[in-house]
Each structure stands twice: as structure tokens, then as C-alpha cells.
Amino acid sequence: MTEESKLYPGARRATDEDSSLIDATKPTTGELDLEARSSLRRLTRGTSAYTDEQADGYDVEYRKLRLEKVILVGVWTEGTVQQIEARLEELAALAETAGSEIADITYQKRDKPDAGTYIGRGKVDELRHIVVETGADTVIADGELSPGQMIALEKALDVKVIDRTMLILDIFAQHAKSKEGKAQVALAQMEYLITRVRGWGGALSRQAGGRAGANGGVGLRGPGETKIEADRRRLRADMARLRKEIASMKTSRDIKRERRDSAAIAQVAIAGYTNAGKSSLINALTGAGVLVEDALFATLDPTTRRAELADGRAVIFTDTVGFVRHLPTQLVEAFRSTLEEVMAADVVLHVVDGSDPFPLEQIVAVNKVIGEIVEETGEHAPPEILVVNKIDKADPLVLAELRHRLDDVVFVSAHSGEGISELETRLELFLNSLDSQVDLHVPFDRGDVVARVHELGTVLSESYDEHGTHLEVRLPAQVAAELKEFTVEQ
């Protein structure tokens, strides 16, 4: 089979100037013949000679670190051609965010991933030829590999093999800035690696116990402890230490959150899929200057900013880490700070990337993660306002489908500012629905109460008499209860 025959009939190979995988106008699965359906489809973005490092026979673990050239491998088990290509494009974006150069992208039609090698032994041979042809350093699988699959692929390909989970963990390790974020990433990595610790050659041998003699001396001869067992023991000790550190950091978070709660200021969490434009949106709403980068997982540490809405109400916005399809369980467990911010908010702005080919899948992925947290904690998820962002870059047909499929959605562009005022209005109306409308009569010597009412509520009318200030105001229920002594009974 020629290289071009591995692509769909009528498909075109992408170049550096044209990074799309395959033309969207392709036959459906049912129209493909048996040979085409079982073939290994690939996209090559560039080739190079077989590297000296592969030819010299060194194990992959000892190669010099540099900008890695990677091959992406996927298994198409369900969905359309466009969906598997979109998933591989997302994997490519993850790999580039991690600092890799994409050498090739391949995927194969199977009922389910092969239990031994993920893609099947026959396809492993084809992948080996692609590795030699492109001079790749690493193969990344679009799924979670078992330890056995990872070892089998590394032995067959003689290059490093990682899966989607390891890739996401690596990105988090690069982007975490705060002490807590770094500790959470380290814990997540250890939880993932502890079941995948393995040795090479002599590293598997038993360690002799004791000091005297090569075999440990009198009374100390025996099997000892393997290198793998020692590594796992150290990992468990480090994990216990990190859990204690993270628990101590949680106390500081709880104190800060209690201060915000006592201030009775509405809290708005901005959540959604990674790279959906959450940080850009919080900048458009508050002018906060939060880091904005066209990369996956640019924001890992929750960022809190205070702002005022058009009606003068003070609001706290919290920018959170993005979610992604098949988010590793270790990260869901470790990144409690972000999830707690979402669950503690009065309302969540659920941001969706309107320029994505399948935005509805993003919504499902985010709701799945939040649903897991709700089920585990037993808490109720806060109400949400669905926000479709990047409408200036979106396909009009995709936007039309979203308008048809979704109810009560705000369409905005954080870049151009389109729809931002509508979003602010929608947010004001929602927060007003949570308020209590009360009449207050405040003596002139309690100017602090009047100032607090102006800060936390929406003043509908204000008048004066010889005894003090009369206010008709909408206030958070908590504040209204605290000011009950000034309430005028109707």
C-alpha cells in the first residue's frame, strides 16, 4: 500500500502552511471498504533521517532532553471521522503546549483498543517504520495506556511512549506557579506513577541487606528489597507528606473564603473547557489583566478579582483551571482548590469555545467533571449561565446549531467586546433574583450602614427626613437579615 493510499480517497495531505488533518468532505464510515477501515491513517508534518540516538542502541530513558519530536497515535472506536480528527487535533495542541514538535499523526479504526499493544501488533510494525522515517523521540497515545501496553510499545518501538494522562500531567507541572499548585501537580503525578514504577535490567535485582560482606554478612542474608519496592515506598512517603502540606494550605484557603462570605459580596466562578477564553472573559468584565495565552491550561491557579457591575453592585470573579475530555482522575482529586471555588460560587459562568468544531462535546465534558464532584461531595452545584465565547471566530453554522440546541445562552466575544454588556445585564438580573427587597430607615449617625448598603446592594430610591435616611434597596438575603433592626415593616 502506498503512503497516499493510507489516506481517505479524495483527502489531501497537510503541510506546515495547512495544518488541518484531513479535508472534512470525506466518505462516512459505512462507505469505506474493509481495507481502508483497518488501515493506519496518518498525517506527516515533516520527516528527517533516522537519528543517531536511535541507532546507537541507547535506551530511551537515557537520551538527551531537548525539544521532542513526537508521533500521535489514536484509536477510532466510535463517532464520526470529524470527531476523531478533532480529538487528535486537541492532542496535538496538548503536545505543542508541552513543548513538542509534531512529526506525524496516525489513527486506526478498531472496535476497541488492543489489550496488549493498544493498536495491535501488526500496526506496531507500521508505527515502527514511521518512527524510523520521522526520527521521532516519543509516541503519545490518545488514551490511557496500561503499564503492560506502555512497556510493550516501548520495547517494540525503542522510543519513549506516554499516554494522554502523562501529557496533561506534564503540562500542569510546567504551568503551576503557586506553592499549592505545584504540590497538587506533584501529588497527581505520584498517584499516577506509583502503579507504573518499573526498572531496567539490574535495577530489578534484590538489594542485599546489611553492611558486612557482599551478601550482607551473618544473619543478614536474604532476598532484601527490590529497587521497585524501594521506589514505591519512597513515593508513598512523599505522597503522604504532600497530602499533609496541601491540607495545611486548605486552612488558608478556607479562611480567605470565609472572609469573602462574611463580606456578603456575590461570588461568580468562571469555569469551562480549557482554552475557551475564560481568562479573556474575566479581563473583559473586570479589566483585571489576568494572564491570557492561546494555549491549553494557561491558567492553573485560581485567580480572584473584584469588580463592580453597571448597577454599582460589587462582585468577586474567580478564574479557574479549565477542564478537558477524559480529565485524569488524579487531577480531579488533586485540584480541589479550583473545584471548591466553583462549588462555593453563587453562580457559575460556564464558558464554551464557540470556535471549536464540537462545542456541545465541551459542555458534556465539563458537566461530567462537575457531576462527579457533586456526587462525591453530596453538595449541590450552583446555578450556571452558559456563555458561548469567540463568536468572532466561530463557524456561523456551528453558532446556528448552538442557538437551536441550547436555551438561555449568551453569545459573546471577549476579544471584540461583542455581547459583554448583555452578559453583564444577564448577570445583574440573576443576582437580583437572589436578593431581598427591603425598606430601611437608617439614622444619620449610622453612615456606615448607608455606605454598606450602597456597596453590597442596589439602591432603588433614597430620601431623607428629620430622623435619618430612607432607603428602598435590594440586598443579599444575608445582609438584609443583618440589617433587620433598620427594616421598616410594611
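Predicted model: local features only at pLDDT ≥ 70, side-chain atom pairs only at ≥ 80, totals over all residues.
Residues are numbered from 1 along each chain as its sequence is written, and side-chain values use heavy atoms, with hydrogens and water left out.

I begin with the sheet. Helices (H or I, at least four residues) and strands (E, at least two) are DSSP runs, numbered from the N terminus. Two strands pair if DSSP finds at least two bridges between them. Here, 6 strands form an open sheet with mixed pairing, in the order β9-β10-β8-β11-β12-β13. At the edges stand β9 (303–308) and β13, each of which pairs on one side only. On average, neighbouring strands are turned by 25° against each other, direction ignored; axes are lines fitted to C-alpha atoms, for helices over the stretch in contact, and angles run from 0 to 180 degrees between N-to-C directions.

Let us turn to strand β12, residues 384–389. Is β12 mostly covered or mostly uncovered? It is mostly covered, with 5 of its 6 residues buried, where buried means under 20% relative accessible area (1.4 Å probe, protein chains only). On one side, β12 pairs with β11 (residues 347–353) in the parallel sense over 6 bridges, and Glu384 is the bridge partner of Val348. β12 also pairs with β13 (residues 409–411), again in the parallel sense, over 3 bridges; there Val387 stands opposite Val410. From β12 to β13 the chain passes through helix α13 (residues 396–405) in a right-handed β-α-β crossover. Right-handed means that, with the strands pointing away from the viewer, the path from the first strand over the helix to the second runs clockwise.

Finally, I come to the helix packing. Helix α9 (residues 278–286) and helix α14 (residues 420–433) pack at about 80°, with axes 11 Å apart. The two are therefore roughly perpendicular, a term for angles of 65 to 115 degrees. In contact (heavy atoms within 4.5 Å) are Leu281, Ala284 and Leu285 of α9 with Ile420, Leu423 and Glu424 of α14.

Definitions and conventions. Buried < 20%, exposed > 50% of the residue type's maximum accessible area, 1.4 Å probe, protein only. Parallel < 35°, antiparallel > 145°, perpendicular 65-115°, else oblique.
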